[in-house]
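Dear colleague,

Please find the structure below, together with its sequence.

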Amino acid sequence: KKNYFFIILFLISYLVSAQRSVKIGYIDTEYILENLPEYNQVSDRLEEKAAGWKKEIEDRSRKIEQKKEALNSERILLTDEMIDEIEEEITLDEEELSEYQQKRFGPRGDLIIQKQQLIQPIQDQIFNAIRELAESKNYDFIFDKSADIVMLYSDKRFDVSEQILRTISRANNRKKVDSRKDKREIENQSLIDDEPILISDLENREKENNKEESNEKPKKKLTV
């Protein structure tokens with residue numbers, strides 16, 4: 001990431017030396033995420049799952065402690081073989097609990113994996129909004145204030161976070177409108193008869209009607 005930062009500095013200095021105006025902006029990803037309802041919903045779902053996992057870990061840990069206390073209180077009454085058996089069982093429980101903690105909260109645990117899966121679509125939205133803004137407003141660089149690249153100073157005038165939020169909100173509103181239109185079309189289709197009248201049927205009916213009318217008309221007598 002340091003190399004990436006120096007490459008950006010080199011590109012900026014090159015463009016400046018080439019006497020070309022450089023347009024730079026930055027965003028605050030944390031601020032954007034905090035103001036997106038979708039992200040808050042994802043966070044709530046993850047916190048709910050994490051709370052359930054933590055409770056399960058606490059319950060299992062409490063049971064292990066109870067086994068240890070029971071062993072200490074009954075140790076005098078137990079044989080060495082029984083003590084070894086109970087201690088082995090406690091050790092096995094502790095190992096399983098440790099594995100479960102890693103499975104849920106480890107670096108490659110379920111919490112991290114599910115967070116990535118749930119947040120990835122939101123990150124894609126932010127990236128697409130940044131690209132749209134950069135192309136429409138001719139930005140050369142847009143930095144992330146929340147990233148590891150240190151910004152020693154940032155002027156609020158160049159903060160485009162609000163523009164990114166508006167772009168994402170417009171896109172989400174368009175999706176909602178489209179989904180409502182699709183739903184309305186489906187509802188309208190359900191009101192149509194199950195057996196629609198074909199054009200060929202209409203033509204046949206019209207021919208039959210014309211034939212009946214011609215038969216009903218009285219024949220004119222010819223006069224000499």
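**Findings**

E38, Y39, V42, R45, L46, K49, A50 and W53 in helix α3 meet D110, L111, Q114, K115, L118, I119 and I122 in helix α5, where a contact means heavy atoms within 4.5 Å. Helices (H or I, at least four residues) and strands (E, at least two) are DSSP runs, numbered from the N terminus. The residues of this contact divide into 9 nonpolar, 1 polar and 5 charged. Here Ala, Val, Leu, Ile, Met, Phe, Trp, Tyr, Cys and Pro count as nonpolar, Asp, Glu, Lys and Arg as charged, and the others, Gly among them, as polar.

The model is predicted: local features need pLDDT of at least 70, side-chain atom pairs count only at pLDDT 80 or more, and totals for chains, interfaces and linings use all residues. Residues are numbered from 1 along each chain as its sequence is written, and side-chain values use heavy atoms, with hydrogens and water left out.

The axes of α3 (residues 37-74) and α5 (residues 110-137) come within 10 Å and cross at roughly 170°. Such axes are lines fitted to C-alpha atoms, for helices over the stretch in contact, and angles run from 0 to 180 degrees between N-to-C directions. The two helices, α3 and α5, are therefore roughly antiparallel to each other, a term for angles over 145 degrees. S43 also has its place in α3. From C-alpha to C-alpha, S43 and K115 are 8.3 Å apart in space, although 72 residues separate them in sequence. S43 is buried, with a relative accessible area of 19%; buried means under 20% relative accessible area, with a 1.4 Å probe and protein chains only.

As for the chain as a whole, it contains 7 helices and 2 strands, in the pattern α-β-α-α-α-α-β-α-α along the sequence. Of its 224 residues, 23% count as buried.

Which residues have the most contacts inside the largest nonpolar core? They are I27, I32, L36, I122, I126, I164 and I168, in a core of 19 residues. A nonpolar core is a set of buried Ala, Val, Leu, Ile, Met, Phe, Trp, Tyr and Cys residues joined through side-chain atoms within 4.5 Å. Helices α2 (29-34), α3, α5 and α6 (161-191) each supply at least two residues of this core, and the largest share, 7 residues, comes from α5. Leaving aside residues up to four places away in sequence, I168 touches I32, L36, Q125, I126 and A129. Another core, of 9 residues, lies apart from it and includes W53, I64, L97 and Y100.

Two further residues belong to α6. S161 is found in this helix and is buried, with a relative accessible area of 1%. Not counting residues up to four places away in sequence, S161 touches Y26, I27, D28, Y31 and I32.

Finally, a word on confidence. The chain averages a pLDDT of 78, and 67% of the residues score at least 70; pLDDT is the predictor's confidence in each residue, from 0 to 100. Among the elements, helix α1 (residues 2-17) has the lowest mean pLDDT (54) and helix α4 (residues 80-105) the highest (95).

Yours sincerely

Methods:
Parallel < 35°, antiparallel > 145°, perpendicular 65-115°, else oblique. Buried < 20%, exposed > 50% of the residue type's maximum accessible area, 1.4 Å probe, protein only.
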